[in-house]
Every structure is written in C-alpha cells, then in structure tokens.
There are 2 protein chains.
Amino acid sequence: MSTPLEPDAQQRAELNEQADRFLEEWYSRVETMNASGEPLTDRQISDLMEPPREQGRDFARILDDLDLAGQAGILHPSSGHMSYIPNGGLYTGAIAEQLAAGLNRYTGVAGAAPGMTAIETGVTQWVAGLFGMGESAAAILLSGGSTANLTGIVAARVNRLGDHFDDGVIYLTAHTHHSVAKAARIAGFRNDQIRIVPVDADLRMRVDVMEEMVTQDTESGLRPFLVVASAGTTDTGTVDDLEAIGAVAKRHELWMHTDAAYGGFFVLTERGRKALAGIGESDSVAVDPHKGLSIPFGVGALVVRDQNYLLDANYGRGAYLNHEEVTQGLRDISSLGPELSRPFRGLSVWLPLQLHGVAPFRKALDDALDVAEHGYERVRQLDGIRANWKPDLSIVAFGFEDDTVGREAMRRVNEDRVTHISSTEVEGRFILRLAVLNRRTTIEDVDHAIDMIQKALIG
Amino acid sequence: MSTPLEPDAQQRAELNEQADRFLEEWYSRVETMNASGEPLTDRQISDLMEPPREQGRDFARILDDLDLAGQAGILHPSSGHMSYIPNGGLYTGAIAEQLAAGLNRYTGVAGAAPGMTAIETGVTQWVAGLFGMGESAAAILLSGGSTANLTGIVAARVNRLGDHFDDGVIYLTAHTHHSVAKAARIAGFRNDQIRIVPVDADLRMRVDVMEEMVTQDTESGLRPFLVVASAGTTDTGTVDDLEAIGAVAKRHELWMHTDAAYGGFFVLTERGRKALAGIGESDSVAVDPHKGLSIPFGVGALVVRDQNYLLDANYGRGAYLNHEEVTQGLRDISSLGPELSRPFRGLSVWLPLQLHGVAPFRKALDDALDVAEHGYERVRQLDGIRANWKPDLSIVAFGFEDDTVGREAMRRVNEDRVTHISSTEVEGRFILRLAVLNRRTTIEDVDHAIDMIQKALIG
C-alpha cells in the first residue's frame with residue numbers, strides 16, 4: 001500500500017522507526033567500516049535508476065535500495081578514509097537536517113522566518129569572527145566551496161572592476177583548487193584572464209613573481225584585481241604565505257580571496273592559527289563547515305571583510321539605497337548571496353555547535369594535526385621516498401624515487417579497502433597523499449596505510 | 001552534560017526520540033496551523049543569535065530555542081499559506097534529508113558514490129523527460145530556482161556567445177522573476193544588456209515586439225542570444241506564449257530559457273500540459289521540485305535539451321575531449337553544474353516519489369488548479385474588483401477599483417493569521433494574489449480569505 005503524502009501519526013511513527021533503524025545499522029558499525037566498498041553491477045546500477053512509478057512502493061524496499069546504493073564507492077564516515085578531503089559527517093548533523101526539512105521554512109527573507117534567520121545569522125557571525133577580518137566582517141552559508149568561491153569572485157569583480165571586466169586579471173597557482181578557475185569562468189572570465197603564478201619548492205605561491213606579473217600586466221594596460229591564496233591546497237595541504245600575499249594585495253589594490261575551504265577551521269587550534277597567519281588580510285575567505293566541522297555535505301561558507309561587498313554583488317533589485325533594509329536587525333540572507341530559495345543551512349551548523357560545544361570540534365582538529373604529524377614522521381623513515389613535505393596542516397604528501405612503485409603502493413592500499421588514499425601530480429611526478437580530516441581517523445589508520453606502502457617499497 | 005561528537009547507540013536513540021517527538025508536535029497540528037505566527041521580541045531574536053559556547057548545551061533546551069524560532073513568520077506547512085510561492089513540504093522529504101545527511105556521501109563524482117549517483121541520475125532523467133525536450137534532454141538538481149536560472153544563463157552564454165559576450169542581449173519582461181536578472185549580473189552581464197519586452201493586457205510577453213527588438217539589436221551590431229520565457233510568472237502565474245517564443249527563438253537562433261520554477265510540474269496534469277504547450281521548444285527549463293512537488297526547500301532543477309550544454313559550461317578542467325568520461329554509464333554530477341561538493345539532493349526527490357508514487361503528486365497539482373479556479377470564480381462575483389485575470393495555472397491575481405481598499409483587505413486577511421496572502425504591482429497599481437500550491441490548501445482556505453476581502457470591500 002502506498003504511503004499517503006500526509007501520513008498520519010501512526011504512519012509517521014513507523015516511518016521514523018524504520019529510518020532510524022536503518023541509520024542505526026550503519027552507525028553501529030561505523031568504527032569498523034571499510035573506507036571503500038564493493039562495486040555495484042551494471043544491473044544494480046540500472047535498477048537504481050528506475051524512474052518512479054504511478055503507485056508507490058514499500059518503504060522497506062526503498063531502504064533496501066538505498067542500503068545497496070550506499071555500499072559502493074568511498075565511505076566518508078569510515079576512519080580509514082584519507083583520500084581527497086574526507087568529511088566523516090556528524091550523526092547530529094543528520095538530525096539537524098531532518099528538523100530543518102521537517103519545519104520547511106523559507107529562510108531567504110528575514111520576515112518569512114525571523115527566528116531561523118536569527119539562528120543562521122548568529123552562527124555565520126561566529127564563523128565570520130574567526131579570521132581576524134575586522135568588525136565589519138560578515139558571512140553567508142552556501143552549498144560548498146565551489147559556490148563560496150564563485151560568490152567571492154563575483155564580489156571581487158563587482159567591487160574592483162565594475163560592469164566592464166574584459167581587462168581584469170586573476171592570479172593563482174597550479175595548486176589552486178580547480179573550482180576557482182571554474183568559478184571564474186562562470187563569472188564571465190576567459191582563461192586568458194587567469195595567470196598561473198609559479199610556486200617555490202614548498203609549493204607556495206612565488207609572491208615576488210606574482211608582484212612582477214601584476215606590475216607587467218598593469219603596464220600592459222590590463223587591470224589586475226584579484227589574487228587567490230590557498231589555505232591550504234587540496235593537493236598537499238600547503239598554505240600560501242598569506243602575510244606576503246596580503247602585503248602585495250594592499251600595495252596593488254588587489255582583492256585577496258583565500259580559498260580555505262579545507263583548512264580554514266584550523267584557526268580554532270593554536271597551531272592552525274600560526275599556520276594561517278595573515279588570513280585576516282583577506283577580503284574574502286571560503287571555508288567549508290562540511291569539511292573542518294564535519295557538518296554533513298552541503299554547507300560551505302564565504303566570509304567577507306565587509307557585508308556591503310555581498311550586498312553590492314547580490315542584491316537582486318540592484319537597489320543600492322536599500323542597503324539599510326533590515327528586519328529586527330536581520331538582513332535577508334537572499335540579499336547576500338546568489339540564492340533566493342535555499343535550505344535552512346544555518347541549523348545544520350548551529351545545532352551541532354550548540355549541542356556539542358566548540359571544544360570537541362577544536363580538539364578533533366588539533367588531533368588531526370597530531371595524526372598528520374605522526375604520518376609525516378613515519379614516511380620520513382621510509383626508504384625510496386622523495387619530496388616529503390612537512391605538513392602545514394593535516395595532509396601528508398610525498399613522492400617516490402620510482403613513480404611506478406608509488407602507483408603500486410596506492411593500488412595495494414586501496415585494494416585492501418580498510419583505508420582509502422588518493423594521489424596527485426607535482427611537476428609531472430606521482431604524489432601520494434594521506435589527508436587527515438575525518439575526526440575518526442587515528443594513528444592506527446595512518447599506520448595501516450603506511451605499513452602497506454612500506455611493503456610495496458620493499459617490493 | 002555535553003553530547004559527544006560520537007554519540008553511542010543509547011544516545012543516538014535518545015536524540016532521535018527527542019527530534020521525532022519535536023517534529024510530531026508540529027505535524028500533529030499542521031491541519032489547524034495558522035499561516036503566520038506571532039512576532040518575536042528583539043530580546044528573543046538576540047538570544048537566538050548567541051554564538052556557540054565552548055561547552056555544549058542540553059538538546060531539550062536547543063529544541064526549545066528552535067521551537068521558539070519556528071513560531072514567527074510565514075508557516076509554510078499551513079494550508080492557509082497562499083503568499084509568494086507556497087511549499088507545504090513533505091514529512092517524508094524530511095526523512096530523506098536525514099538519511100542523506102546520515103549516510104553523508106560525496107555525490108559530486110560518480111566513482112565516489114555510484115549507487116547514489118545512479119539514484120540521482122535516474123530521478124533527474126525522469127524530470128528531464130517530462131517536458132518533451134527530446135531524447136538528449138538531461139537535468140541537474142541545484143539548490144533552487146536562482147541557481148537553476150544562473151546555470152541556464154551560463155550554459156546559454158557559453159553556447160551562443162563564447163568567451164566574449166560584451167555585445168550579447170537578453171530579452172525578458174517586467175514580470176520575469178528578478179532572480180533571472182540577478183543571475184545574469186552574476187554571469188557577467190550589464191543591466192544595459194537586458195531588454196524589458198512589453199507585455200499585453202494578459203501580462204504575456206509581446207512576442208511580436210520582442211522579435212522587432214531582436215531585429216533592431218542585430219542591425220545595431222549587437223548579438224541577441226537569449227530569450228527568457230516565464231511559465232508561469234511569480235506575480236500572477238501567467239504563462240507566456242511558449243510556442244510563439246519558441247518560433248521566434250528558432251528564427252533568430254536565440255537560446256530559449258523557460259523559468260518554470262513555479263509552474264513546471266503542472267505538466268504532470270492534463271490542464272497543465274495544455275497551459276504549458278510549447279515548453280518543449282525550450283533549450284533550458286528551470287523547474288523547482290521544492291515548489292511543485294512539495295520537496296523541502298533546497299531542491300531546484302535545470303533541464304537542458306542536450307547534456308553537452310551543461311558539460312561545455314561546467315566541466316571544471318575545460319577538457320572538452322573528456323565529455324565521454326563516464327563511470328558505469330554515470331556522469332559526474334559535478335561536471336554538469338557549478339558545484340563540486342554538494343548535498344545528495346537526489347534522495348530528497350527520489351525517496352518521496354518512490355514511496356508515494358507519482359499519482360498523488362499529480363492529483364495534488366490537479367487539485368490546486370481546481371482550488372484556484374474556484375477562487376477566480378468567487379473573486380469575479382465581488383464588487384469593486386478590476387483586472388481579474390483568469391488563472392493560467394494556480395495563482396489568482398486581481399486588482400481593486402480603489403487600491404487603498406485592496407491594501408486594507410490584505411492587511412485584514414493577514415492580521416487574522418489564519419491565511420496569509422501577498423501582493424504585487426502591475427503598472428503601478430496594487431494587485432492582490434492568492435497563490436495555491438501547498439497541497440493542503442482547500443476551497444475553505446480560499447473562501448476564508450475571500451470572505452474577509454469581501455468584508456473589506458463592503459467597508
């Protein structure tokens with residue numbers, strides 16, 4: 001029998017019971033969960049793609065499908081997940097999403113949901129206050145790093161170039177996340193408006209060369225307006241020299257956007273604050289709660305030095321004079337970003353932070369730094385390793401004297417499924433990386449992967 | 001005592017029990033819920049904005065805060081909500097969000113979550129197939145109509161104008177939703193690249209005038225490339241003459257983007273299909289599952305005639321040759337839109353459609369057409385009404401011989417809180433509107449509002 005669109009109290013209780021039991025089945029084995037699953041067959045894939053039918057199906061069968069769907073791929077909640085940028089998620093984040101969707105309120109305009117806008121504004125102000133960007137700093141929650149980078153680039157474009165931006169120039173490095181160049185294209189820039197600044201041996205932007213390029217472009221009649229710093233890079237976790245970039249940005253009136261989607265929340269730790277010194281010089285910072293805070297996927301943030309930057313770029317009606325328009329001190333969230341209707345993302349960040357407090361998030365990030373340091377020290381002692389960078393934050397990246405051995409090491413680690421790691425390339429050479437950010441990841445997980453790498457090195 | 005980041009089985013059960021009970025409290029009174037709530041005090045607002053503390057708080061207190069926050073503003077689940085574009089939400093949509101966030105998997109790349117990518121691809125293909133846009137039609141789920149319009153405009157820009165688009169021209173009307181012009185600005189267009197085409201007495205785009213403007217702009221050396229049709233408008237629910245727009249678009253090689261964020265899913269009904277005749281001529285269509293399908297806020301869709309349009313505009317690495325890159329027949333969702341990391345939106349659409357079947361959604365939309373027709377007939381019989389447009393879909397919009405009376409009528413209806421309605425302006429005159437889309441809205445709700453309007457008219 002189909003479940004009606006309006007289930008009654010009894011049906012609601014049953015649906016909840018089944019859904020909670022389903023999640024419990026997953027969470028009861030989260031501590032022993034492999035980092036990657038078994039592939040699905042083509043037949044299973046095509047079954048999952050079946051379109052909805054006129055009549056509904058049994059919830060239990062639907063949950064079976066979802067369970068099957070969840071088996072394959074990379075299992076983010078697993079402690080062994082160290083590939084790409086891991087996000088272990090939060091059980092209480094899922095509860096927040098259920099509550100937000102259950103209440104289903106429109107949070108684009110303060111008047112439509114003043115209490116919820118207050119919750120979201122309060123927690124985004126807390127995020128905005130973490131980076132030392134001054135009293136006027138403000139933030140907006142978006143779907144992730146890509147939309148945060150896009151919103152930052154558009155704010156920079158509007159603020160520094162105005163309506164005609166054909167001659168604007170953007171500076172980044174080969175290690176800048178590719179979502180930045182993608183966002184620049186969406187915002188209307190051509191590839192030839194993007195300069196790739198070389199990096200030094202530590203993979204940091206050559207700030208001196210960047211300044212030379214800026215001078216040269218200015219002399220050619222172009223308009224350098226935006227430098228994108230990384231803190232840290234997705235590839236190797238490298239943090240650019242933010243203080244030096246900030247100084248050049250100031251000298252040449254460039255907008256400094258820092259992509260700290262991965263590394264930004266390390267400001268909650270003492271070591272992280274040191275590594276990120278100078279981030280307060282940024283005009284905008286992208287930082288993902290769904291990375292550093294383990295909030296479930298779908299919540300990024302953009303912090304700007306001045307809320308007016310967001311209003312100028314996004315206020316739908318272009319009515320600049322209405323910048324003073326507030327409801328009980330609250331801004332319409334839709335006036336600060338590209339979206340009008342949107343999910344109530346604020347709850348997904350606010351509820352876990354209120355419930356757990358900031359302390360355990362801070363500790364989890366601090367632990368990740370320890371685990372990465374341990375990984376680095378162990379890799380140092382391996383034979384056959386080259387280019388073993390000391391982690392600025394929590395990504396352990398290193399090359400092999402023989403790239404073939406490196407590829408074989410990765411294959412063996414991932415074939416085992418207990419841990420999952422990924423690779424990148426630096427100057428055409430294979431680089432293996434262990435990204436520690438899932439708070440469940442321990443020294444044992446890192447040791448498991450490195451033991452297997454060691455075996456591959458021995459042959 | 002703070003809840004740890006990793007609650008144990010007992011704690012998980014307790015958290016669920018409290019969250020489910022909280023939602024049950026809201027849903028048990030959904031049928032008698034007022035459409036708008038009591039305002040919060042400034043003190044309550046500032047309490048809700050409190051930043052997180054180092055230590056956590058009790059979940060019960062947090063739920064009290066959320067309950068308070070939910071009281072004020074416009075209550076979307078209420079049957080009396082007929083302002084703006086109402087979305088009643090779905091209890092089972094909230095369960096889908098809990099499950100998606102609980103599993104917390106990365107759905108940007110097919111290889112990371114093949115089963116979930118299959119689920120999302122299957123249901124987006126179903127959406128893409130509803131509009132008669134041909135065999136190659138494809139879709140992507142985004143956060144809402146704004147990002148869908150943005151993604152459509154960028155696809156049009158890349159496809160029709162290439163890298164230099166300084167001379168491109170966009171055609172829309174004064175009734176086009178303002179998110180379209182906002183999206184155009186984000187995509188890099190200046191206001192002077194946007195032409196406002198006049199509308200006829202029925203508020204539809206004057207397609208003949210649009211064609212004249214296109215010809216004139218072409219003769220001036222500009223490049224007309226995009227016409228935006230509405231189906232229907234947010235203001236009055238008006239559907240532009242899509243067939244006529246399609247014919248002109250074809251003749252002048254314009255990209256036709258149809259903003260059907262509000263009205264698109266009426267294609268599920270016979271009357272809706274008639275009203276939307278010609279939508280299949282579109283190159284792209286924005287349609288919001290979080291409007292016509294009652295999916296909780298945060299899920300819009302963009303449908304395009306050819307998936308390559310999305311790949312050309314969004315493939316991050318600009319590697320056009322890699323368009324053939326698929327995993328078990330599945331595209332990386334991140335290659336089709338602006339986002340890399342993103343929530344698993346597919347589940348929020350797939351689960352309710354699988355569980356309830358398509359039939360009740362179809363019926364709910366058909367019922368909305370009936371309720372709106374009833375409202376229109378009742379308004380016709382009122383004295384003192386002008387400009388009472390016959391609804392193309394489900395929005396009843398009408399003016400008053402005396403605008404002051406209209407404003408007073410709206411004030412009285414909304415003061416009563418049982419129903420909530422909103423207004424717009426057409427040619428400087430006040431227009432009241434009853435937007436029927438919440439599937440809980442009945443003839444009784446509409447009658448309640450119209451009875452009060454009638455009283456205001458009598459004086």
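**Labels and their grounds**

Guide: This is a predicted model. Across the interface of chain B and chain A, 62 residue pairs are in polar contact, both residues at pLDDT 80 or more.

Visitor: Which helix gives the most to the side of chain B that touches chain A?
Guide: Helix 1 of chain B, residues 9–27, with 11 residues.

Visitor: Why are the side chains of E6(A) and R439(B) said to meet in a salt bridge?
Guide: The N to O distance between the side chains of E6(A) and R439(B) is 2.8 Å. The cut-off is 4 Å between a side-chain nitrogen of Lys or Arg and a carboxyl oxygen of Asp or Glu, so the pair qualifies. Between chain B and chain A the count is eight salt bridges.

Visitor: How much area do chain B and chain A bury between them?
Guide: About 11,200 Å², with 61% of it on carbon and sulfur atoms. The contact takes 133 residues from chain B and 133 residues from chain A. L5(B), N104(B) and Q354(B) supply 7% of the area that chain B buries against chain A, more than any other three residues.

Visitor: Within chain A, what makes R271(A) and D370(A) a salt bridge?
Guide: Their side chains meet at 2.9 Å, N to O. Across the interface of domain 2 and domain 3 of chain A, the rule finds four salt bridges.

Visitor: Why do strand 6 and strand 7 of chain B count as paired?
Guide: Four bridges join strand 6 (residues 284–287) to strand 7 (residues 300–304) in chain B. At least two are required, so the strands pair. They run antiparallel, and V285(B) has V303(B) as its bridge partner.

Visitor: What makes the sheet in chain B open, and which are its edge strands?
Guide: Its seven strands follow the order 1-7-6-5-4-2-3, with mixed pairing. Strand 1 (138–142) and strand 3 (194–197) of chain B are the edge strands, as each pairs on one side only. The twist averages 20 degrees from one strand to the next.

Note on methods:
Residues are numbered from 1 along each chain as its sequence is written. Chains are lettered from A and ligands numbered from 1 in the order in which they are written. This is a predicted model: local features need pLDDT of at least 70, side-chain atom pairs count only at pLDDT 80 or more; totals for chains, interfaces and linings use all residues. Side-chain values use heavy atoms; hydrogens and water are left out. Axes are lines fitted to C-alpha atoms, for helices over the stretch in contact, and angles run from 0 to 180 degrees between N-to-C directions. Contact means heavy atoms within 4.5 Å. Buried area is the accessible area (1.4 Å probe) that two parts lose on being put together, summed over both. A polar contact is a pair of N or O atoms within 3.5 Å; within protein, one must be able to donate a hydrogen and the other to accept it, and residues adjacent in sequence count only if both atoms are side-chain atoms.
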